[in-house]
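Hello,

Here is the structure I promised to pass on to you. Have a look at it first, and then read my notes below.

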Amino acid sequence: MRFDVISLFPEMISDAASYGVTGRAIERGLVGLSVWNPRDYTLDKHRTVDDRPYGGGPGMVMKCQPLLDAVDGAKQHNVLVNRKVICLSPQGRLLSQELLLDASRYDQLILVSGRYEGIDERFIQHACDEEWSLGDYVISGGELAALIVIDAVTRLIPGVLGDDESAKQDSHFDGLLDCPHYTRPEHSDIGDVPDVLLGGNHADIKRWRMKQALGRTWSRRPDMLEKVTLSAEQDALLKEFRTEVV
Ligand code: 4FV
């Protein structure tokens, strides 16, 4: 998997992606990352990447040409075919584990990070396969959204996480919130570790964790429960949880 990010702030991407799981995955060559600055593709001496909006209104809009040429640069650099060009914007499809799992199957993701009020629509319609959104709020640039896509997709690349099992442990992986986690000390003045986790009975531990995941999803994100089909055992565990909390 390789990520090619189109951004006016290349260091913001390369610096942030150099830490932790993503940083190690890049060092190990499990994922590739390059950043392409549209300003390097401008044709005028002032290296102009934005201009005033037609129809008036506040702020500036990113011009087509520098973005088109930057995307072409990212494409020419990699002859990979199984790729997608994604524009990160509030008008896009909401990011989800399901969308990111699908994206992790591509060879290349070209992630376009806008700035200013937005990007000339003709570029989006002509050069982008899809628009993706972090959520229904406005941030100052698409870079943070691109970094979230890079982080979340990189975790799904085989070999990146210690054992691929851990990606499966991730919350949202099976459509449920995660169970609570504990580590030493066993006892503290802000509470003790639940006994079941100390008993060493892995079946009981697995059962307790699923019960907690179901219960937390039910109490915090009932919208997610509507999207999953629970097994008979999960149904029973959730009933048990609910009878215990009322
Ligand atoms: C955004 C989002 C987002 C809009 C104008 C950048 C800003 C500015 N990107 N999910 N929500 N982008 O707010 O992805 O150019």
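Let me begin with a pair of helices: α8 and α10 cross in a right-handed way (right-handed means that the near helix is turned clockwise from the far one by less than a right angle). Helices here are DSSP runs of H or I with at least four residues, and strands are runs of E with at least two, numbered from the N terminus. This is a predicted model, where local features need pLDDT of at least 70 and side-chain atom pairs count only at pLDDT 80 or more, while totals for chains, interfaces and linings use all residues. Residues are numbered from 1 along each chain as its sequence is written, and side-chain values use heavy atoms, without hydrogens and water.

Helix α8 (residues 202-220) packs against helix α10 (residues 232-245) at about 65 degrees, and their axes are 9 Å apart. Axes are lines fitted to C-alpha atoms, for helices over the stretch in contact, and angles run from 0 to 180 degrees between N-to-C directions. The two helices are therefore roughly perpendicular (65 to 115 degrees).

Strands β5 (residues 83-94) and β6 (residues 108-113) are joined by 6 bridges, and Leu88 has Ser113 in β6 as its bridge partner.

Happy exploring!

Conventions:
Two strands pair if DSSP finds at least two bridges between them. Angles under 35 degrees count as roughly parallel, over 145 as roughly antiparallel, 65 to 115 as roughly perpendicular and the rest as oblique.
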